Every structure is written in C-alpha cells, then in structure tokens.
Amino acid sequence: MTYPGFTGQDFDSLTVPGLEPRMNAIITHIRPKLEELGQSFAPFLSTLCGEEMYHHVAKHARRKVNPPKDTWVAWAPNKRGYKAFPHFEVGMFESHLFVIFAVIYESPNKSIFAESLRKQASRYKKMLPDHFYWSMDHMDPGGTPNGEVSIKGLKEMAEKLRTVKKAEILCGLRIDRDDPLLMDGERLSSTIEETFTTLLPLYKASF
C-alpha cells in the first residue's frame, strides 16, 4: 500500500491559536490523511492480528476551550470505539509523528498487559529496537527510549499500570517532523507496517 505522507503544513496545523481555528486546520489538512491511513491499514492490521480491526479517527468532540496538541487514527477490534481496547495508533504532535501500541486508562485490559510486562520485561526490552520509546502519558509528547529503560524501570511501569487507576502505557516509534521519510509515502507505509509487526507481541499480550 502507498500513502501520500505528511508535510510541514500538517504539523503546523497543531500550532494554530484557538480551538476553532486549530480544529479547522486539523480537519482541512490532517484528518483526510488520517482517514485514508485508517482505511488503508485496516486490512493489514486485521490480517496481522487475526481479527477484524476497525479504524477510528480522533474527533476531539469533548473539547470546549483548549485546542488539541495532537491528533491521531486508532485501530481496535471494535467498530464502535477503541479506548476500552488495546489498540494501535498513528498520530502527530507538532514535533513528530508517532506509530504506537497503546493501552490507555479506560481499558480493563491494563492489568493483563501489566502482568505480562512484569513477567517478561527482559524479553520485551531485548525484542524492541533501542530507538522505540515507552510512555505512560498519551498527552505528553515525550517518552523514554527503550535503550535507556532498565528492566527494573519496565517492571515499575508494570506496577504503576496495575495499581494506578489513571495509568496507561504506550510503546512505539517516533519520527521527527523534518525526517524525509514522512514525505515518501511508500517508505512511510513500509515503516508503519514494520512497526506494527514489531509491536504485535505487546498487543497479543494484552488479552
């Protein structure tokens, strides 16, 4: 599959002042690409995961004042929503594109993945590339590279995920907005496929 890629204008949409103007920029410049991405990758992820995967483009409908700092498309095994399920995402902050696996605080599967991460922290650390990153806050554009996270640190994440109601965990790839890869639709599509394939064991461990 091929994809048109992302431009500087797309990332700049996330810096437009004000809720309504920023939403208009997102809807105009980013959302059509996320929708296309969602549709094109749903069959790939369905085959990869062995179950029907549905795409959901962020609508930011609950926002009344603060404009969104990021936007995304998610894939999950449910047609009505994704937040209650372990899922995959491709999205962007103003600084980078992210390609991730996520279990957010609304998912009852948190405890399942937490137990897997606790028991297999060493395996996951060795399995994932050093430049992949871990995060426990989907609203924070930062994170810690896998190469810098200790096995003890991963187990501490697992414990927090298990015991803290609002805890969540994300893992995946970050691509800087200036990386030429983002403008090459064919290479970007291949990178997304490779990343999802690498993250598949984490997704499978969440059920």
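Student: Why is the crossing in which helix 2 passes helix 6 called right-handed?

Tutor: A crossing is right-handed if the near helix is turned clockwise from the far one by less than a right angle, and left-handed if anticlockwise, and helix 2 passes helix 6 in the right-handed way. This is a predicted model, in which local features need pLDDT of at least 70 and side-chain atom pairs pLDDT 80 or more, while totals for chains, interfaces and linings use all residues. Residues are numbered from 1 along each chain as its sequence is written, and side-chain values use heavy atoms, without hydrogens and water.

Student: What makes helix 2 and helix 6 oblique to each other?

Tutor: Helix 2 (residues 19-49) and helix 6 pack at about 45°, with their axes 11 Å apart. Angles under 35 degrees count as roughly parallel, over 145 as roughly antiparallel, 65 to 115 as roughly perpendicular and the rest as oblique, and helix 2 and helix 6 are therefore oblique.

Student: Which residues of helix 2 meet helix 6?

Tutor: They are Leu37, Phe41, Phe44, Leu45, Leu48 and Cys49, and their counterparts in helix 6 include Ile192, Phe196 and Leu200; contact means heavy atoms within 4.5 Å. By class, this contact of helix 2 with helix 6 has ten nonpolar, two polar and two charged residues.

Student: How do you know how helix 3 is oriented to helix 5?

Tutor: The axes of helix 3 (residues 110-119) and helix 5 (residues 151-163) come within 8 Å and cross at roughly 160°. That makes helix 3 roughly antiparallel to helix 5, and the crossing of the two is left-handed. The residues of this contact divide into seven nonpolar, no polar and four charged.

Student: What leaves one side of strand 1 and of strand 6 without a neighbour in the sheet?

Tutor: Seven strands form an open sheet in the order 1-2-3-4-7-5-6, with antiparallel pairing, where two strands pair if DSSP finds at least two bridges between them. Strand 1 (54-57) and strand 6 (144-145) stand at the edges, each with a single partner strand, so one side of each has no neighbour in the sheet. Within the sheet, six bridges join strand 3 (residues 87-92) to strand 4 (residues 96-103), and Phe88 stands opposite Phe101 in strand 4.

Student: What makes Arg177 and Asp12 a salt bridge?

Tutor: A salt bridge is a side-chain nitrogen of Lys or Arg within 4 Å of a carboxyl oxygen of Asp or Glu, and the closest N and O atoms of Arg177 and Asp12 are 2.9 Å apart. The pair links distant parts of the chain, 165 residues apart, with Arg177 in the loop between strand 7 and helix 6 and Asp12 in helix 1 (residues 8-12).

Key
Helix = DSSP H or I, 4+ residues; strand = E, 2+ residues; numbered from the N terminus. Axes fitted to C-alpha atoms, helices over the stretch in contact; angles between N-to-C directions. Nonpolar A, V, L, I, M, F, W, Y, C, P; charged D, E, K, R; others polar.
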